Number of protein chains: 2
Amino acid sequence: MNYSEFQKVITTHQKNNAQEAITENRKEIRVKKEKTVAKNLQRIFEATLKIGNKKGFQAMSMRDLSNETELSMGALYAYFKNKENLLVMLQRNGRDNFQKILEDCAGSSEHPLETFRQLIKTHLFMSEALRPWFFFTYMEGKNLNKKERKVAVEHELHSDNIIVAILNKCEEENIFKKQNHHVTAAMIKSLMNDWYLKRWKYAKMNVSVDDYASYVIDLIESYCCKK
Amino acid sequence: MNYSEFQKVITTHQKNNAQEAITENRKEIRVKKEKTVAKNLQRIFEATLKIGNKKGFQAMSMRDLSNETELSMGALYAYFKNKENLLVMLQRNGRDNFQKILEDCAGSSEHPLETFRQLIKTHLFMSEALRPWFFFTYMEGKNLNKKERKVAVEHELHSDNIIVAILNKCEEENIFKKQNHHVTAAMIKSLMNDWYLKRWKYAKMNVSVDDYASYVIDLIESYCCKK
DNA sequence: GTCTATACACAGATAGAC
DNA sequence: GTCTATCTGTGTATAGAC
């Protein structure tokens with residue numbers, strides 16, 4: 001699978017996800033009409049990502065958000081009860097989405113080396129398709145309250161463990177060497193994150209997401225593979 | 001060299017650097033007495049890093065800073081002309097320091113593979129010794145104005161090029177394969193950054209900075225070395 | 001050099017009209 | 001559902017006493 005094939009798959013997931021964002025936060029949202037909520041919540045999310053990634057979430061004022069969404073201050077507050085709640089909704093929603101797709105992917109193939117490669121690609125392709133969300137979530141993690149920060153850390157460790165599991169599988173089947181797979185998984189994660197954190201650099205080097213996936217796979221396999 | 005040896009070297013550099021911070025920003029600082037400036041500027045920098053890394057620089061109020069430094073608001077403004085100026089001073093100062101040490105290191109050994117390893121270690125050890133500054137600078141980069149952001153990018157590319165240069169040297173001397181060293185350097189950078197961005201994770205795994213250096217060196221060498 | 005007191009702008013949030 | 005108008009708290013920054 002390459003990125004352009006992935007893009008077709010992701011679109012369906014996206015729509016489910018948008019719907020879930022609503023049901024999950026139904027009690028916070030005062031607006032009743034489903035269609036209006038769907039439309040405006042997406043506008044709000046997109047605008048928050050846009051402004052937040054430019055100047056930071058704290059520095060984004062509700063007036064900024066009001067201008068960008070073309071909704072009044074009053075209207076905005078019908079969709080979330082306060083600014084912090086908006087942050088939580090936005091982060092939580094994307095995370096569930098991401099985790100689900102990653103888990104699907106981890107159980108996708110019989111051949112562990114193939115699964116490993118698929119996992120790297122899916123991870124990168126997700127962050128390519130949803131770059132603003134990934135960037136935002138990475139940067140704004142520390143603005144969450146204690147409870148939500150704990151949830152974020154658990155998600156991070158969970159997705160690390162998905163990687164560790166497949167590395168172990170590859171070791172069991174004698175494809176990979178015995179190594180500290182937790183460290184390897186952390187290093188892989190770091191390389192995954194770099195794709196959305198420093199994308200300007202890869203753009204400058206004319207490296208596409210498909211190219212980058214190959215580089216990472218080569219790098220990790222030459223470290224892990226037996227001989 | 002391991003980290004505890006490095007720590008002895010770094011202390012001298014630190015003092016020079018503190019002095020430079022003053023001379024470089026002399027015109028912004030209203031306070032005359034050199035000794036007072038040295039003492040208070042350091043307090044201000046440390047407090048800014050502490051609060052800024054917890055809640056973000058934008059979210060840090062001058063009242064927060066005043067409490068942490070035990071200097072009044074009025075006193076603070078004798079050391080910088082506004083909040084933005086404080087950010088610039090702090091970032092610029094550390095960057096010059098970092099670059100100088102990295103350049104020294106890159107020309108340190110005759111043997112390119114040894115220089116490569118030294119460079120990885122120095123990079124990691126620096127970020128270990130000055131973790132608050134590295135974390136802060138990474139996270140707050142987007143809050144800089146256009147001009148300062150450009151400077152930051154140039155520094156980043158410059159330090160990438162230091163890595164590329166040594167990778168090329170290793171290739172010339174037939175130690176490393178012919179590869180896209182710019183991408184390799186970017187991936188190395190990502191792994192370097194992870195050490196200070198996700199240190200809680202490595203702490204959890206009981207991985208010391210010396211351990212981590214070995215992991216990274218092994219990883220990159222198995223990717224780059226011939227056969 | 002450092003303090004206290006305060007100016008003034010702008011933030012988040014809500015009330016009540018439409 | 002969405003608007004405008006407005007409340008109240010907090011932000012940065014400075015003036016002037018010590």
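**The chain contact and what surrounds it**

Mentor: Chain B brings 23 residues to the contact and chain A brings 22 (contact: C-beta atoms, placed from the backbone, within 7 Å). On the side of chain B that touches chain A, the elements giving two or more residues are α9 (181–197), α10 (199–204) and α11 (209–224) of chain B. Helices here are DSSP runs of H or I, at least four residues long, numbered from the N terminus. α9(B) has the largest share of that side, 7 residues. By class, the side holds 12 nonpolar, 6 polar and 5 charged residues. Ala, Val, Leu, Ile, Met, Phe, Trp, Tyr, Cys and Pro count as nonpolar; Asp, Glu, Lys and Arg as charged; the others, Gly among them, as polar.

Keep in mind that this is a predicted model: local features need pLDDT of at least 70, side-chain atom pairs count only at pLDDT 80 or more, and totals for chains, interfaces and linings use all residues. Residues are numbered from 1 along each chain as its sequence is written, while chains are lettered from A and ligands numbered from 1 in the order in which they are written.

How do the copies meet? Of the interface residues of chain B, 96% are also interface residues in chain A, so the copies meet through the same surface. Chain B superposes on chain A by a rotation of 180° with 0.1 Å of shift along its axis, at an RMSD of 0.0 Å (least squares on C-alpha atoms of residues with pLDDT of at least 70 in both). The two copies are thus related as by a two-fold rotation axis.

Next, the core. The largest nonpolar core has 104 residues, and A:Leu124 and B:Leu124 have the most contacts inside it. Such a core is a set of buried Ala, Val, Leu, Ile, Met, Phe, Trp, Tyr and Cys residues joined through C-beta atoms within 7 Å. Buried means 20 or more other C-beta atoms within 10 Å, exposed 12 or fewer, partly exposed in between. Leaving aside residues up to four places away in sequence, A:Leu124 touches A:Met192, A:Trp195, A:Val209, A:Tyr212 and A:Ala213.

Beyond four places in sequence, A:Gln99 touches A:His155, A:His158 and A:Ser159.

Finally, the DNA. DNA strand C has 19 residues around it, with A:Ser61, A:Asn82, B:Lys33, B:Ser72 and B:Gly74 nearest (near: C-beta atom, placed from the backbone, within 6 Å). Both chains supply elements with two or more residues there: α3 (62–69) and α4 (73–76) from chain A, α2 (34–55) and α4 (73–76) from chain B. α4(B) gives the most, 3 residues. DNA strand D is also surrounded by 19 residues, the closest being A:Lys33, A:Ser72, A:Gly74, B:Ser61 and B:Asn82. There, the largest share, 3 residues, comes from α4(A). That surface divides into 8 nonpolar, 7 polar and 4 charged residues.

How values were computed
Contact = placed C-beta atoms within 7 Å.
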